[in-house]
Amino acid sequence: MMTTTRNVRVRIAPSPTGDPHVGTAYIALFNYVFAKKHGGQFILRIEDTDRVRSTLDSEAAILRALRWVGLQWDEGPDVGGPHGPYRQSERSAIYAEHSQILVDKGAAYPCFCTEERLAAVRAQAKAVAEGQTPGPSGYDRHCRGIPREEAKARVAAGERHVVRLAMPTDGMTIVRDRLRGDVEFANNTIDDQVLLKSDGFPTYHLANVVDDHLMEISHVIRAEEWITSTPKHVRLYEAFGWEAPEWVHMPLLRNADRSKISKRKNPVSLDYYRDTGYLPEALLNFLGNLGFSIGGDREKFTLDDMIEAFDWGKVSLGGPVFDLAKLTNLNGLYIREHTPEQILQRLREWRLSDEFLRRIIPLVHQRMERLDQFIPQTDIFLAGDLDHAPVAALLVPKGRDAAQTAAALSDLLDALDAVRPFTKENLEPACRAFSEKAGWKTKELFMAIRVAVTARTASPPLFDTMEVLGKELCRRRLRAAAELLRTRKA
């Protein structure tokens, strides 16, 4: 088993392309605990080279969520450090320089294939994968044989190209993983990965390895889905002549049916757990239980307890099941240990803050005649899941059936997922566009949405309400309403 005498430095590197994911907190937790166990540093790096999907709003949400859950980084955005900048979009010159080093060494090469040719190669690869024809199952290395001087001249002439990694075409690459032992990969099954795109931006593989080396990362602790990419990273370390980090690929979080955790089956946004009143220390405890055993039958422990007891020998490779009922039970244990004064403080930090009340009061104050009406008119903002059973019939517009409405609400989830920021100004046009595309009248669809997200037919303005509720509660309630309708006869 690979060992290292280097100072422990670990990192997480989320992409700001969506809402803060509970899987990010899970991987961050094990990185953080391992670093603190060994007196090391925990670094946060933002991998924002996807210029189409990366947003500053998503980055801010990630930082906010990690701070909420209690995992503060030692170096990274908003903190700084000697190895910054910590956003990959600000490090393009570094990647271009290192890409050229690989080309000069012959470990990478310019590829001038057009999109049309690559489409034909992909079609061929698909046919091979489906057993319809013999041949290579990935990029066919068409440009790898171009003489170096010719390739250099074409690049100098400004011909559009990418840079690809020259993987060995025979032999094996061995990934020495802390949890899995030696994992072998046949080199002829690994394609020549694009490292630098034609727009000068790196792919994950080049940026990841260069950054990990320059930031002196000693251990790469990440989800097991990345293990098939690791042979490419091993090859890059060899090509640069750098010492590789120790690899630790954590088991993936699973749904109850053992499928990879997904937002279609479980709430995956950290914002959902914050907004529905889970305590961050309970969530960390729950995530710590997923694949790690602190000893005996003990399941309740603090972050400091986990740091003190941590050892990779206590981590299991069995796919940990993300059981929401277990998390809720554990959260209840934490809540019941609080004093009334502590509960009061938690409530103020949660939804009963002046800041949140200021957001909901304008939605109802013109509808109130007595102060006691405030609670029944605003309880939808202070609840998590709703009981849709009493209003199930109201979810289905006249002329539609339960199956049609369930399908429309389910499809709407994807449309809402793309709404950023989640404001009334963006929500209304998005829902109108969806209505037109789905062939629904806006009156029909908007009432179905209103009943799904509020469990009532009369509420404050729909899109104002959705904005205050937030994306994750809205999506959760829409999904629950759709599931209820699926169980009903058309």
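## A three-stranded sheet

An open sheet of three strands runs in the order S3-S4-S7 with antiparallel pairing, where two strands count as paired if DSSP finds at least two bridges between them. Strand S3 (108-111) and strand S7 (194-196) sit at the edges with a single partner strand each, so one side of each has no neighbour in the sheet. On average, neighbouring strands here are turned by 45° against each other, direction ignored, going by axes fitted to C-alpha atoms. Strand S4 (residues 162-165) and S7 pair in the antiparallel sense over two bridges, and Val163 stands opposite Leu196 in S7. Helices (H or I, at least four residues) and strands (E, at least two) are DSSP runs, numbered from the N terminus.

A quick word on the model: it's a predicted one, with local features needing pLDDT of at least 70 and side-chain atom pairs pLDDT 80 or more, while totals for chains, interfaces and linings use all residues. Residues are numbered from 1 along each chain as its sequence is written, and side-chain values use heavy atoms, with hydrogens and water left out.

## The β-α-β unit

S1, H1 and S2 make a right-handed β-α-β unit (with the strands pointing away from the viewer, the path from the first strand over the helix to the second runs clockwise). S1 and strand S2 (residues 41-44) pair in the parallel sense over four bridges, and Arg11 has Ile43 as its bridge partner in S2.

In strand S1 (residues 9-12), Arg9 and Arg11 point one way, Val10 and Ile12 the other, and all are buried (under 20% relative accessible area; exposed is over 50%, partly exposed in between, with a 1.4 Å probe and protein chains only).

The largest nonpolar core has 99 residues, and Phe30, Leu287, Trp312, Phe322, Ile449 and Met466 touch the most other members. Such a core is a set of buried Ala, Val, Leu, Ile, Met, Phe, Trp, Tyr and Cys residues joined through side-chain atoms within 4.5 Å. Helix H1 (residues 22-37) supplies the largest share, eleven residues. Apart from this core lies another of 30 residues, among them Val163, Ile217, Val220 and Trp242.

Leaving out residues up to four places away in sequence, Phe322 touches residues including Val22, Arg254, Tyr273 and Leu287, with contact meaning heavy atoms within 4.5 Å.

## Cysteines

There are zero disulfides, taking one as a pair of cysteine sulfur atoms within 2.5 Å. The sulfur of Cys143 is 3.7 Å from the closest cysteine sulfur, in Cys113, which is too far for a bond. Cys113 is buried at 14% relative accessibility, and Cys143 is buried at 4%.

Definitions and conventions:
Axes fitted to C-alpha atoms, helices over the stretch in contact; angles between N-to-C directions.
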